[in-house]
Structures are given as C-alpha cells and as structure tokens.
Amino acid sequence: MTSPAAGRFPIPDLATLPDDIRARILAVQEKSGFVPNVFLTLAYRPDEFRAFFAYHDALMEKDGGLTKAEREMIVVATSIANQCQYCVVAHGAILRIRARNPQIADQIAANYRKADITPRQKAMLDFALKVSAEAHKVNDADFGRLADHGFTNDDVWDIAAIAAFFALSNRMANVTDMRPNDEFYLMGRLPKPPEPA
C-alpha cells in the first residue's frame, strides 16, 4: 500500500483492537492477502464496525433472487453516483471476480446503461440509483417495472437496502478520506494462472 488507509481519523493498532475485530481483520487478510482499508478505518469505532459488517454480510453474502455479482453491480453503480472512489474501486474488484468478467465493473462505473448487462439488470440499477439519489420519489410504478423483470418483493427490498446501506458507506468513506488499497486495482482483470497439478 502506498498511501494511508484514511486521512482524517486515526487508524487503530491491530494489537489494541478487541479480539473479535482483530480476528475478523486477520481472517480477511489471510483470505485476500491484504487488509482492505475499510476494515482498518472503521475499526476506529468498534461497536459501529460490528454493526456495519453484520449488516453488510446480511445484505451481500446471502443467497436470494439477486446473484452476488448483481449485488456488487448495485454497489458500483450507486457508489459512482455518490462519487465514492473507495467503493467504486474496491467493489469493482469484487464485481470483476464474482462476475468472472474483467470489463464489467469499468462498464458499469462509466455508464451502466451501455454496459454489457441484461435489461433486467439495467432495471435493477435504474431502481437502485433512484433509491440512492431520490428515494422520496419511489412509487408503485417502480415496483411494477421491477415485477415485469421478474423481481420479487424480497428482491426489491434487497436492491433498496443495498443502495441505502452503501449510501452510508460511501459518505463515511468520503468523510474519512478512505483510500482504495493498491491491490484492488488489478484484482479480477487477468485470468488466474492454472493451479499446479
């Protein structure tokens, strides 16, 4: 990492963190090979760290009518609208991996309406952007359009909740001046070499 995790609040020493938070961060480091800066930045407030990641996991890691890649599409599209560099870069990397598509995150970040995604996914992102920017304008016609694309009420709730949750995340990332880890920029862009036999 060439830049600090965040510029406006202190990053706690890993050794001083509560055991459960330290264990979570070390598990992420073991799996990915680095510690995403969001973990270090949010560890400044341990109770909020726990609540944030509990809700994150409930929204992003479950099975349901939305694929995990579609969930990441929502994050990238709404984060670009909210001008959150950290979330666009970090979740763009996750999207590339989950979609197994090295171009998809860049396409969605540039203009999801021209991205190589399905009409169903475009409708999903239209709604997510409306929730993110103008939730007070959501109406029954929005639900009808989503139903026409096969989305259930639970799916609509998920789209809205992801857009709303990442509106919080985007704002905190911007306020803290959270920086994307260098590792995110290359993740999912090139095929993995074959595993040795």
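Helix α8 is followed by Gly-150, a residue with a positive phi near 90°. Please keep in mind as you look around that this is a predicted model.

Now for a pair of helices, α4 (residues 68–81) and α5 (residues 85–99), whose axes come within 9 Å and cross at roughly 155°. An angle over 145 degrees counts as roughly antiparallel, and α4 and α5 are therefore roughly antiparallel to each other. Their crossing is left-handed. The residues of this contact comprise 10 nonpolar, three polar and three charged ones. On the α4 side they include Met-73, Val-76 and Ile-80, while Val-88, Ile-94 and Leu-95 are among those in α5.

Between α4 and α5 runs a loop, and Asn-82 lies in it. Is Asn-82 buried or exposed? Its relative accessible area is 16%, and buried means under 20%, so Asn-82 is buried. Leaving out residues up to four places away in sequence, Asn-82 touches Ser-132, Ala-167, Asn-170, Arg-171 and Asn-174. With Ser-132 there is a polar contact between the two side chains, at 3.3 Å.

| Side chain | Partner | Distance |
|---|---|---|
| Asn-82 | Ser-132 side chain | 3.3 Å |

Note on methods. Residues numbered from 1 in each chain as written. Predicted model: local features only at pLDDT ≥ 70, side-chain atom pairs only at ≥ 80, totals over all residues. Heavy atoms only, no water. Axes fitted to C-alpha atoms, helices over the stretch in contact; angles between N-to-C directions. Helix = DSSP H or I, 4+ residues; strand = E, 2+ residues; numbered from the N terminus. Parallel < 35°, antiparallel > 145°, perpendicular 65-115°, else oblique. Left-handed = near helix turned anticlockwise from the far one by under 90°. Contact = heavy atoms within 4.5 Å. Nonpolar A, V, L, I, M, F, W, Y, C, P; charged D, E, K, R; others polar. Buried < 20%, exposed > 50% of the residue type's maximum accessible area, 1.4 Å probe, protein only. Polar contact = N/O pair within 3.5 Å; in protein donor to acceptor, adjacent residues only side chain to side chain.
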